[in-house]
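User: I'd like to learn how to read a fold from its model. Could you walk me through this one, feature by feature?

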Amino acid sequence: MLESEVIDVIVSELKAAATLNKMPAFVFDRVSIVYEVSHSLEFQGARSRRYVTEAGLHSVYHFSVTESGWKSSARRQFKQMLDISEKFGIQNLVFKNTDRLSRNLRDLLRIQELVEKKGYRIH
């Protein structure tokens, strides 16, 4: 999906979250390019959707990618998710596994800053 289409979906789902009186969240599922297992993204997605429902959140966008986590420069969609979350104030980020969250120091430091200085919640 193009970035403008992603933004359109997010804006629409933010309105839905407000109507439902639920906190908006982004979901991020990732498998490594090296160890890709076809059902892994499906499994992560199912678990993430279940968690969002049980936590009373509203998923405004579900990022599902196959990318390397070790090289910060290779994590385009992860960075896009964080940038958009800051732009729209979406402070709930859902990861099926903590190892999906940060695989390099630069990303870890950015997540730490979002949590400590901007009130983000990592689920």
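User: Let's start simple: what share of the residues in the chain is buried?

Analyst: Buried residues make up 41% of the 123 residues in the chain. Buried here means under 20% relative accessible area, exposed means over 50%, and partly exposed is in between, with a 1.4 Å probe and protein chains only. Before we go on, this is a predicted model: local features need pLDDT of at least 70, side-chain atom pairs count only at pLDDT 80 or more, and totals for chains, interfaces and linings use all residues. Residues are numbered from 1 along each chain as its sequence is written, and side-chain values use heavy atoms, with hydrogens and water left out.

User: Which order do the elements follow from the N terminus on?

Analyst: Helices (H or I, at least four residues) and strands (E, at least two) are DSSP runs, numbered from the N terminus. This chain has 4 helices and 4 strands, and the elements run α-β-α-β-α-β-α-β.

User: How do I read a helix such as α1, and what are its buried residues?

Analyst: Check the length to begin with: the expected span is 1.5 Å times one less than the number of residues. Helix α1 (residues 3-20) has 18 residues and reaches 25 Å from its first C-alpha to its last, close to the 26 Å expected. Its buried residues are V6, I7, I10, L14 and A17. Looking down the axis of α1, these fall within an arc of 95 degrees, so they line one face of the helix; the arc is that of the directions from the helix axis to the C-beta atoms. The face turned away from the buried side carries the exposed residues D8, K15 and T19. After α1 comes N21, whose phi is positive, near 55 degrees.

User: What do the buried residues of α1 pack against?

Analyst: They pack against β1 (23-31), β2 (57-66) and α3 (76-88), where contact means heavy atoms within 4.5 Å. For one view from the α3 side, take I84, which is found in that helix. At 4% relative accessibility, I84 counts as buried. I84 touches V6, I7, I10 and F26, not counting residues up to four places away in sequence. I84 and I7 are 77 residues apart in sequence, yet 8.2 Å apart in space, C-alpha to C-alpha.

User: Now the sheet: in what order do the strands lie?

Analyst: Strands of a sheet pair through backbone hydrogen bonds, either parallel or antiparallel. In this model, 4 strands form an open sheet in the order β2-β1-β3-β4, and the pairing is parallel. Strands β2 and β4 (121-122) stand at the edges with a single partner strand each, so one side of each is left without a neighbour in the sheet. Helix α3 packs on the sheet, touching β1, β2 and β3 (92-95), and its direction makes about 170 degrees with that of β1. That angle is between N-to-C directions and runs from 0 to 180 degrees, using axes that are lines fitted to C-alpha atoms, for helices over the stretch in contact.

User: How many bridges join β1 to β2?

Analyst: Two strands pair if DSSP finds at least two bridges between them. Here 9 bridges join β1 to β2, and 4 join β1 to β3. In β1, 8 of the 9 residues are buried, so the strand is largely enclosed by the rest of the structure.

User: Which residues touch the most other members of the largest nonpolar core?

Analyst: In soluble globular proteins, nonpolar side chains tend to be buried together. A nonpolar core is a set of buried Ala, Val, Leu, Ile, Met, Phe, Trp, Tyr and Cys residues joined through side-chain atoms within 4.5 Å. The largest one has 21 residues, and I10, F26, M81 and L93 touch the most other members. Elements giving two or more residues to this core are α1, β1, β2, α3, β3 and α4 (105-118). Leaving aside neighbours within four places in sequence, M81 is in contact with F26, F28, F63, L93 and F95. A second, separate core of 5 residues includes A25, V27, V52 and V94.

User: And α4: what covers its buried residues?

Analyst: The cover includes α3, β3 and β4. The buried residues of α4 are D107, I111 and L114. They cover an arc of only 55 degrees around the axis, which puts them on the same side of α4. The face turned away carries the exposed residues L105, R106, E116 and K117.
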